[in-house]
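User: Could you walk me through this structure, one question at a time? I'd like the cut-offs spelled out as we go.

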Amino acid sequence: MSTPSPTHSPIRRLTLRDLTACADLSENRGWPREEHKWGFLLTAGTGYGIDDPDGGLVAACVVSEYGPQGRPHLGAIGMVLVAERHARQGIGRRLMRHVVSTMGSTPLTLHATPFGRPLYEELGFKVTGRAEMVVGHFTPDETRPRIATRAATAADLADILRLDEAVFGVDRTPVITRLPAFADQLCVAEDHGRIIGYAVAWPNMDTQVVGPLISRDTETAKALITSLAAGTDRPLRTDIDVRHEELLAWVTERGLAPVFRNDVMMYGIAEPPGDWTRRFAPLTVAAG
């Protein structure tokens with residue numbers, strides 16, 4: 001008796017019970033398992049998947065919604081994966097069309113690999129920018145940063161949320177308030193007692209990912225990265241908007257090598273909301 005085809009299998013919501021299956025799917029496509037990140041995304045966002053009749057998942061993705069509950073102003077799509085043996089059968093296209101339809105009139109954003117970009121363009125997504133992934137052991141500058149940084153406290157949360165919304169352009173409270181439990185470090189930069197930037201370092205396999213990185217300017221971003229790097233002996237990894245050329249050059253000089261570029265794509269609006277000049281790196285390319 002032949003195995004049923006998953007091409008027309010129902011698309012269902014994923015939960016934390018699907019964490020291992022999501023990590024297995026990542027590994028199947030040559031990605032790191034990233035169970036810590038999957039757990040965060042499935043908790044803070046909405047996962048969609050298609051079951052494999054033989055066990056596990058045929059396909060999966062996660063949508064992070066930002067803005068008022070039930071009336072999101074932006075949705076970020078990430079972790080779009082189809083199992084190797086089911087690739088090139090239209091399953092990824094079907095999953096993406098389901099997500100776009102489910103989100104209705106909500107604008108959408110995603111970071112696309114060169115492999116995935118043609119599908120997203122077919123669905124109506126437009127390239128609006130690029131992000132450069134850099135990875136490596138950080139070598140601190142010999143000069144002391146002029147910007148004051150410190151570990152964030154619970155008392156800083158309201159100011160962090162206000163700054164994040166002003167820069168990102170949409171309220172991300174449900175995600176940002178999860179960061180203290182998710183991350184190893186949450187650091188703020190101050191100017192005369194006012195928070196002018198914040199950054200997070202969270203564990204991902206054998207690296208520490210820096211993101212979000214929200215900052216008044218490049219010098220402040222450098223100070224935040226330097227502070228986070230001092231708190232770990234792992235390689236740092238982050239995805240920097242390529243328009244921040246000075247910061248990219250600086251992290252390269254400090255030991256982080258460019259390894260990959262993603263296209264930032266939008267659906268429903270021409271440009272991402274907020275202020276890109278103060279938005280240096282996303283929480284993760286999977287969540288914006």
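This is a predicted model: local features need pLDDT of at least 70, side-chain atom pairs count only at pLDDT 80 or more; totals for chains, interfaces and linings use all residues.

User: Which residue forms a salt bridge with Asp 18, and is Asp 18 buried or exposed?

Analyst: The partner is Arg 12, with the closest N and O atoms 2.7 Å apart. Buried means under 20% relative accessible area, exposed over 50%, and partly exposed in between, using a 1.4 Å probe and protein chains only. Arg 12 counts as partly exposed at 28%. Asp 18, at 10% relative accessibility, counts as buried.

User: In which helices do Arg 93 and Glu 122 lie?

Analyst: The side chains of these two residues, Arg 93 and Glu 122, meet in a salt bridge at 2.8 Å, N to O. The pair links distant parts of the chain, 29 residues apart. Helices here are DSSP runs of H or I with at least four residues, strands are runs of E with at least two, and both are numbered from the N terminus. Arg 93 is in helix H3 (residues 91-103) and Glu 122 in helix H4 (residues 117-122).

User: Are Arg 93 and Glu 122 buried, exposed or partly exposed?

Analyst: Arg 93 has 29% relative accessibility. Glu 122 has a relative accessible area of 45%. Arg 93 is therefore partly exposed, and Glu 122 is also partly exposed.

User: Are Arg 172 and Asp 164 buried or exposed?

Analyst: Their side chains, those of Arg 172 and Asp 164, meet in a salt bridge at 2.6 Å, N to O. Both Arg 172 and Asp 164 are buried.

User: Which residues do salt bridges that share partners join into one network?

Analyst: Side chains of opposite charge can pair when their charged atoms come close. Where salt bridges share partners, they join residues into one network: Asp 24, Glu 27, Arg 33 and Glu 35.

User: Which side chain of opposite charge is nearest to Arg 254, and how far away is it?

Analyst: Arg 254 sits in the loop between helix H9 (245-253) and strand S12 (257-267). Lys and Arg count as positive and Asp and Glu as negative, with His and the chain ends not counted. Arg 254 is buried yet has no salt bridge, and the nearest side chain of opposite charge is Asp 141, at 4.1 Å.

User: Which residue's backbone oxygen lies 2.6 Å from a polar atom of the Arg 254 side chain?

Analyst: Contact means heavy atoms within 4.5 Å. Leaving aside neighbours within four places in sequence, Arg 254 is in contact with His 137, Phe 138, Thr 139, Pro 140 and Asp 141. The backbone oxygen lying 2.6 Å from a polar atom of the Arg 254 side chain belongs to Thr 139.

User: How many disulfides does a search of the whole structure find?

Analyst: A disulfide is a pair of cysteine sulfur atoms within 2.5 Å. The sulfur of Cys 61 is 9.8 Å from the closest cysteine sulfur, in Cys 22, so this pair is too far apart for a bond. Cys 61 is buried, at 0%. The search of the whole structure finds zero.

User: Where is His 192, and what is its phi?

Analyst: His 192 is in the loop between S8 and strand S9 (194-204). At 83% relative accessibility, His 192 counts as exposed. Although His 192 is not a glycine, its phi is positive, about 55°.

Key:
Residues are numbered from 1 along each chain as its sequence is written. Side-chain values use heavy atoms; hydrogens and water are left out. A salt bridge is a side-chain nitrogen of Lys or Arg within 4 Å of a carboxyl oxygen of Asp or Glu. A polar contact is a pair of N or O atoms within 3.5 Å; within protein, one must be able to donate a hydrogen and the other to accept it, and residues adjacent in sequence count only if both atoms are side-chain atoms.
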